[in-house]
Amino acid sequence: GILKVGPGLTFAMREAMFALENIEKEALYGTDLKLSRFAEVLDEEMLKNDKNWRKHYQGDELELRLKRKYSFSDRCRYYMPVPAVEAAATCLIMNLRHNGIPLNLLSQFMPIQYTKVREGLLEN
């Protein structure tokens with residue numbers, strides 16, 4: 001399928017943020033640091049105000065949960081500016097900037113970026 005530019009960009013951003021959150025969960029597991037809970041916060045905000053996705057997604061509750069998180073039509077883009085979502089994104093980025101991203105986790109969750117880091121084309 002072909003996405004319009006806006007949804008395509010936010011789709012890619014959401015994929016990256018979810019991958020970074022997986023790295024955060026693994027890299028900071030067992031620490032006392034507050035984790036971002038980015039995907040959970042995003043879904044909570046989507047459930048609080050369903051006007052931007054409800055008419056676009058059909059299915060039972062489990063299907064709707066998957067579509068809110070992973071749909072190609074990417075309705076979550078409307079929730080990125082919500083303060084709670086922005087705060088979760090900021091927490092995620094700060095946690096990773098402060099603690100770094102281990103190469104083995106970068107390889108696991110962002111293999112294209114891992115290759116570019118290894119080739120010196122991208123800074124970790």
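This is a predicted model: local features need pLDDT of at least 70, side-chain atom pairs count only at pLDDT 80 or more; totals for chains, interfaces and linings use all residues.

Q: How many aromatic pairs does the rule give?

A: The count comes to 4 aromatic pairs. One of them joins phenylalanine 11 and phenylalanine 72.

Q: Why is the pair of phenylalanine 11 and phenylalanine 72 called tilted?

A: Planes under 30 degrees apart count as stacked and over 60 as edge-to-face, the rest being tilted. The ring planes of phenylalanine 11 and phenylalanine 72 stand at 40°, with the centres 5.5 Å apart, so this pair is tilted.

Q: Which parts of the chain does this pair tie together?

A: Phenylalanine 11 belongs to helix H1 (residues 5-27), whereas phenylalanine 72 lies in the loop between helix H3 (61-70) and helix H4 (83-99). The pair therefore ties together parts that are 61 residues apart in sequence.

Q: Is phenylalanine 11 buried or exposed, and is phenylalanine 72 buried or exposed?

A: A residue is buried under 20% relative accessible area and exposed over 50%. Phenylalanine 11 has 11%, so it is buried. Phenylalanine 72 has 60%, so it is exposed.

Q: What kind of aromatic pair do phenylalanine 18 and phenylalanine 38 form?

A: Their pair is edge-to-face, with 70° between the planes and 6.2 Å from centre to centre. It links distant parts of the chain, since phenylalanine 18 is in helix H1 and phenylalanine 38 in helix H2 (residues 38-48), 20 residues apart. Both phenylalanine 18 and phenylalanine 38 are buried. Together with Tyr70, Phe18 and Phe38 form one aromatic cluster.

Q: What is the volume of the largest pocket, and which residues line it?

A: The volume of the largest pocket is about 190 Å³. Its lining includes Leu20, Leu96, Ile101, Met110, Val117 and Glu123. Helix H4 and helix H6 (111-118) each supply at least two residues of that lining.

Q: How many residues of each class are in the lining?

A: By class, the lining of the largest pocket holds 7 nonpolar, 3 polar and 2 charged residues.

Q: How many salt bridges are counted?

A: The count is 5 salt bridges. Arginine 37 takes part in one with glutamate 40, at 3.1 Å from N to O. Arginine 37 also forms a salt bridge with glutamate 44, where the closest N and O atoms are 2.8 Å apart.

Q: What are the relative accessible areas of arginine 37 and glutamate 44?

A: Arginine 37 has 36% and is partly exposed. Glutamate 44, with 33%, is partly exposed, and glutamate 40 counts as partly exposed at 44%.

Q: Where do lysine 48 and glutamate 45 lie?

A: Both lie in helix H2, 3 residues apart, which is about one turn of the helix. Lysine 48 forms a salt bridge with glutamate 45, with 3.1 Å between the closest N and O atoms. Lysine 48 is exposed, at 65% relative accessible area, whereas glutamate 45 is buried, at 12%.

Q: Which residues do salt bridges with shared partners join into one network?

A: Arg37, Glu40 and Glu44 are joined into one network in this way.

Methods
Residues are numbered from 1 along each chain as its sequence is written. Side-chain values use heavy atoms; hydrogens and water are left out. Rings of Phe, Tyr and Trp (its six-membered ring) pair if their centres lie within 6.5 Å; planes under 30 degrees apart count as stacked, over 60 as edge-to-face and the rest as tilted. Helices (H or I, at least four residues) and strands (E, at least two) are DSSP runs, numbered from the N terminus. Buried means under 20% relative accessible area, exposed over 50%, partly exposed in between (1.4 Å probe, protein chains only). On a 1 Å grid over the protein atoms alone, a cavity is a set of points where a 1.4 Å probe fits but cannot get out, and a pocket is an open set with protein on both sides within 12 Å along at least five of seven lines; lining residues have an atom within 4 Å of a point. Grid points are joined across faces, edges and corners, and a volume is the space filled by probe spheres set on the points. Ala, Val, Leu, Ile, Met, Phe, Trp, Tyr, Cys and Pro count as nonpolar, Asp, Glu, Lys and Arg as charged, and the others, Gly among them, as polar. A salt bridge is a side-chain nitrogen of Lys or Arg within 4 Å of a carboxyl oxygen of Asp or Glu.
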